[in-house]
Amino acid sequence: MRRAILLLAPSLAVLIGIFAIPVLLLFVVSFWSVKSFRLQPDFSLAAWHRFFTVYGDLTLYTLAVGLAVGLFCTLLGFVFAYAARFKAGRFGDLLLVATLITLFGGYLVKIYAWKSILGADGLLNQALMGIGLTSQPLAFLIYSRGAVIIALVHFLLPFAILPIYASLRNVSETTIEAARDLGASASQVLMRVIVPQCLSGLFSAFAFCFLLAAGDYVTPMLLGGTSGSMLGQFVLLEFSTNFNWPAGSAMSFGLLFVCLLVIGALAAAGSRLMRRGEGAAS
Amino acid sequence: MTSTPLLKLSGLSKSFGAARAVEPLDLTVQAGDFCAILGPSGCGKSTLLRMIAGFIEPSSGSIAIEGRDITALGPEKRPTNMVFQSYGLFPHLTVAENVGFGLALQKKSKDEVSRRTDEALRLVRLEAFSQRMIDRLSGGQQQRVALARALIMRPKILLLDEPLAALDLKLRHQMQEELRRIHQEIGGTFIFVTHDQSEAFALANLVAVMNQGRVEQIGSPAEVYLSPATLFVADFVGETSLLAGERRQGRVTLKAGPHFASAGRDGPVRAIVRPERVGLKSDGVPAVVTDAVFFGASLKVSLRLPSDETLILRSSEADAAARYRIGERLAVGWEDQQVIDAGPG
Ligand SMILES: Nc1ncnc2c1ncn2[C@@H]1O[C@H](COP(=O)(O)OP(=O)(O)OP(=O)(O)O)[C@@H](O)[C@H]1O
Ligand SMILES: [Mg+2]
């Protein structure tokens, strides 16, 4: 035990030095105040007050976008990973690699691609007008919450596919055959045998996509317009233009805490599901 | 009696691409039978069993249970249940949940599920483990969970694919006893696959011997053992010695020397000699002991005959070890043999 602690010490020190201390410092800053563009190291709740009053609604919207992206990614990721694992035969791995290569790739490239698809003179509007469904370009396609969600799902999907595929690889075919032998229909096999065996993969996929989406500020900046803006953009604004570090800090930590709360609640629900058996086993 | 058999396979076969895994075969199993499908690795046993279970679609032929054709039904709709070689237990469920899985799918009441789960666990003597997770069980215990999970469904036919192959010898014998006891207790119909002839003989009342996708012989263990239909069966079943010879006008002369009367076609034959029928005989065939292995209850002796063939002898006499020393020259004989046409070559 002591040996283990000693062996861990160097990496712990590095982690604390480059991660924990700066984060802690930033957290302390959220209780400072700003007077004529200068940080005042005192104790004030002004920044947190500003977070709750001015940015409260936006935080909830941001969470909603994160949840939506997380859910879509997990769902699509599962469908894709399932097909690669069970429908593609021995080409599963190959299919996965091929798709990941096409799905990974420039973040900005993807955003601009969606801009040229959803924009006023973009592909989709041209097509809609071409077949005569609309006479005017549909303005709501781009610069909306929907556009942000679509682009984020597209960008984050590989991060969902990977952990789900990894956990599906561990589901043995024999358990599926056994379930069918015992009378399970296709949907019962899915819900009672496959999904329960890959819960951890589904959870990592969701957590990853949710956190990355909720913290994003580039996509809403380029595709969100006014109706699709997210908290991250305003954190940036407070830090840079407004030079209000305490507010920016309070907002970052506020969002972080809320996100952790969501993930924690989900993990608790998940482990309660798992514990039915585990607890009884010990 | 003209009642319809429980299971009837007619012309059933399976090809994977160009390769024939199972040649067209017929098999009839009556209710209450304990049927063994016996054969070497790769002969198509699993393929046959999985066709009966519904996991493999046959290339030709039909499967009928109690006269009803079920060839087109999926495994979830067949009145059969399977014990898989690798068990296929659900790792996310407890022992009791594993066993109750099939009944829970049928939307049976909680009471009934738990009552019958207890019953099934009692049958395989795992009552004390009902709340364990699967990964905390030994191999033999997992095997019994798999058995209970299939038995609880009260299948018309229980299919077992080498259920004991993964167990060590002692546990295997124990589980053979258990299987026999359970078969008698519930009076069901079992079909099990094995490559171990002693296991097949210990359990089954009906044995189908397979070789390269063909069923070579179907019969009771005694029939298969005492009058094998083909050379392959004779060789595969038991430690027999096969001695080459020639039949001329109702008389067989073995290369090793002995000759005896035997009706049949002229031509090359093989004489099948059982090791327990061989013994010392003063005017017998000269032989040299090349090997002697002690098996506790008996001694297995390999003898080289003048024809350079090997003859196996088994003796359970107390002084056997002293009598059959390696290098010893003796004269041996046997009481009776069975003769099979060997065909040219
Ligand atoms: N899905 C498949 N595709 C192609 N060939 C197959 C397939 N399944 C089995 N075979 C072939 O069919 C033959 C019979 O296989 P099977 O699994 O029935 O053998 P087995 O008697 O059960 O052997 P073992 O005792 O080793 O389990 C083998 O030669 C095998 O290679
Ligand atoms: Mg097999």
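Ligand 1 is surrounded by ten residues of chain B, namely B:Phe16, B:Ala21, B:Ser41, B:Gly42, B:Cys43, B:Gly44, B:Lys45, B:Ser46, B:Thr47 and B:Glu162. The model is a predicted one. Divided by class, this shell holds three nonpolar, five polar and two charged residues. Helix α1 of chain B, spanning residues 45-53, supplies the largest share of the shell, with three residues.

On the backbone side, an N or O atom of B:Gly42 is placed 2.7 Å from a ligand oxygen atom. Among the side chains, B:Lys45 has an N or O atom at 2.7 Å from an oxygen atom of ligand 1, and for B:Ser46 the separation between a polar side-chain atom and an oxygen atom of the ligand is 2.6 Å. The ligand taken alone exposes 640 Å², of which 54% is buried by the protein.

In chain A, helix α3 (residues 56-87) and helix α9 (residues 186-197) approach each other, their axes coming within 13 Å and crossing at roughly 85°. Because angles of 65 to 115 degrees count as roughly perpendicular, α3(A) is therefore classed as roughly perpendicular to α9(A). From α3(A), the contact involves A:Phe78, A:Tyr82 and A:Phe86, while α9(A) contributes A:Leu190, A:Ile194 and A:Val195. By class, the residues of this contact between α3(A) and α9(A) comprise six nonpolar, no polar and no charged.

Note on methods:
Residues numbered from 1 in each chain as written. Chains lettered and ligands numbered in written order. Predicted model: local features only at pLDDT ≥ 70, side-chain atom pairs only at ≥ 80, totals over all residues. Heavy atoms only, no water. Near = heavy atom within 4 Å. Polar contact = N/O pair within 3.5 Å; in protein donor to acceptor, adjacent residues only side chain to side chain. Areas by Shrake-Rupley, 256 points an atom, 1.4 Å probe, with all protein chains shown as cover. Helix = DSSP H or I, 4+ residues; strand = E, 2+ residues; numbered from the N terminus. Nonpolar A, V, L, I, M, F, W, Y, C, P; charged D, E, K, R; others polar. Axes fitted to C-alpha atoms, helices over the stretch in contact; angles between N-to-C directions. Parallel < 35°, antiparallel > 145°, perpendicular 65-115°, else oblique. Contact = heavy atoms within 4.5 Å.
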